[in-house]
Amino acid sequence: MQAKKRLPVGRVAAVVLAGLLGLTAGCGCGPKPVVVPTVADKPHAAAGLKVWYGDEKLAEVFSPRARAWGYRTGAVITAAASPAEADVLLVPAYRLGTFDPPAGLRPVPATVVGEGSNFQWGGLLAVYQSRLAHWGGERYAVPLSGEGYVLLYRADVLGEPAFADAFKQKHARPPLPVRTWADLADLGQFATDRTGKPALPPLPADPHAAVAALGHIAACYDRPPLTGGPKADGGPDPYFRGLSFFVDMDVLRNGPADRWEGRVGGPAFGEAFRWFESTAKWRPAQPGDPTAAVLSGSAVAAVVPLGELNRLPKDSTTGSIDARFGVGPVPGSDGYFDDAGNRQKTTGVNRIPHYPGGGLVGVVRQSAASPDAAWALLGELGGPIGSTATLDTPAVGGGPLRTEQAGEQPRLWQQYGFDAKRTADLAKAVREYTAPNTLNPALGLRTPDVDAVHALLAKALTKVASGQVTAAAGQAEAVNGWKELDAKTPRDKRAADRKRAAGLE
């Protein structure tokens, strides 16, 4: 049998091309002319944008996407060497007030927020749509990525039969799930007693992260989650109640001029300070890295941002995250303090969505030479497709930003590398943290003095968490330090900044 001769690759290509040409000739179509892009196809051909990404991690994620958009639209995208020279900045939402809107920032135009916009502003979760993007009554930020936290724990320790049996014998319940902050404290004490070493993680060394840790606990004791309108008894509107957490908006609007508006001296924050006092013996005295403590096994559990899960090692055999690590919802409380300061018990776990950083937003400086291109870029990065791409990037660690991202969709969280069961656990934990129908979430401080306030709060909390002072003394130090800082700013300006940070004029 004679072997068939193979045509050289070049001959194959020639034959295929001839055949295609023959087909076009046979159909009477003829070869189509090559379409040369025109200036009209490059709507931002004359635009140059300098973008500040904040850190190397965000630059690695967003810079290629920004350049790809620039290639399609004709804009020239370069990375700004400093925030001061940038046209567009990608920043945490809590830093919005530090950029001096409206003098320093442009308001978001109708091309982004208007009905029919490709960005689909109405599809954002309410907290990003109507609060974290605002300064006063105007929007100055385009949400790009949501925020999320979970409880990371050592499954190999808490699920070990001898540990679990001994814990259950002492507490009449298994160590998992960790439902409340009291549960986490019990776990820390039990594990510490077994090993003789602190089993809870250190307080975060970063001041912003330390204040977030305080806020996670205080939020649960500050209010119950509400999803309806004003209370039947004529109490405060839950939406307006959600504007007050670190600062009391009602005092700013209606209180006497000599009444301080800070709420850090209130009962919910007092409960959070007491939690850190009661658990001081079960954590390292020095602030540090909570995730690293869980990774090393020195801590059995820690509340961490979603992005920290990207640090977990993977099993070389399965390719999934090492089985030693599990995830669950951020703990809640078994009660809260009502508007009169009285403790109320709840039948289930009381969890309140807490947004200490508010996720990632994009802003445009007043000095930007090509604002239309700047807004178009941010619309691309934060739109339905762009925000989903960000959600698919564990390095960013973004939480749900849009309504469709906050549902029961474990597939949205597969990129973190857990097996099927733990991926479902992660999806549930994020969903419970987000609680998208809650009208009164707790928002972190967003005023221009946020860095200074966080520094003094973290300093006071560190003393309590390390056992140096009592919870009452630490809370008093936080209150007095904040009042001293406030005294350096005229009350009218301070009040205006705080109202605008909450989205009020």
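This is a predicted model: local features need pLDDT of at least 70, side-chain atom pairs count only at pLDDT 80 or more; totals for chains, interfaces and linings use all residues.
A residue counts as exposed here when its relative accessible area is over 50%, and as buried when that area is under 20%.

On one side of helix H6, Pro161, Asp165 and Gln169 are exposed. The other part of the story in H6, which spans residues 161–171, is a buried set made up of Phe163, Ala164 and Phe167. Viewed down the axis of H6, these buried residues stay within an arc of 95°, so they line one face of the helix. What do they pack against? The buried residues of H6 meet helix H5 (155–158) and helix H7 (181–195).

Five strands make up an open sheet with mixed pairing, in the order S2-S1-S3-S13-S6. The edges belong to strand S2 (76–79) and strand S6 (142–145); each has a single partner strand, so one side of each is left without a neighbour in the sheet. From one strand to the next, the twist averages 30°. In general, strands of a sheet pair through backbone hydrogen bonds, and they do so either parallel or antiparallel. Strand S1 (residues 48–52) and S2 run parallel and are joined by 4 bridges. One of the residues involved is Gly48, whose bridge partner in S2 is Val76. Helix H2 (residues 56–73) packs on this sheet, where it touches S1, S2, strand S3 (88–92) and strand S13 (360–364). The direction of H2 makes about 165° with that of S2.

Aromatic rings give another way into the fold, with a count of 13 aromatic pairs. Take Phe245 and Phe269: their rings form a tilted pair, 5.0 Å centre to centre, with 35° between the planes. Phe245 lies in the loop between helix H9 (238–241) and helix H10 (249–254), while Phe269 belongs to helix H11 (residues 267–278), so the pair ties together parts that are 24 residues apart in sequence.

Phe246 counts as buried, at 3% relative accessibility, because the cut-off is under 20%. Elsewhere, Tyr128, Tyr149, Tyr355 and Tyr433 come together as one aromatic cluster.

Arg402 lies over the face of Phe119, at 4.8 Å from the ring centre.

Stepping back, the protein contains 18 helices and 14 strands. Its C-alpha atoms fill a box of roughly 90 × 65 × 45 Å, taken along the principal axes. Of its 505 residues, 49% count as buried. Among contacts between residues at least 6 apart in sequence, 74% join residues at least 24 apart.

Terms used. Residues are numbered from 1 along each chain as its sequence is written. Side-chain values use heavy atoms; hydrogens and water are left out. Buried means under 20% relative accessible area, exposed over 50%, partly exposed in between (1.4 Å probe, protein chains only). Helices (H or I, at least four residues) and strands (E, at least two) are DSSP runs, numbered from the N terminus. The arc is that of the directions from the helix axis to the C-beta atoms. Contact means heavy atoms within 4.5 Å. Two strands pair if DSSP finds at least two bridges between them. Axes are lines fitted to C-alpha atoms, for helices over the stretch in contact, and angles run from 0 to 180 degrees between N-to-C directions. Rings of Phe, Tyr and Trp (its six-membered ring) pair if their centres lie within 6.5 Å; planes under 30 degrees apart count as stacked, over 60 as edge-to-face and the rest as tilted. A charge sits over a ring if NZ of Lys or CZ of Arg is within 6 Å of the ring centre and within 35 degrees of the ring normal.
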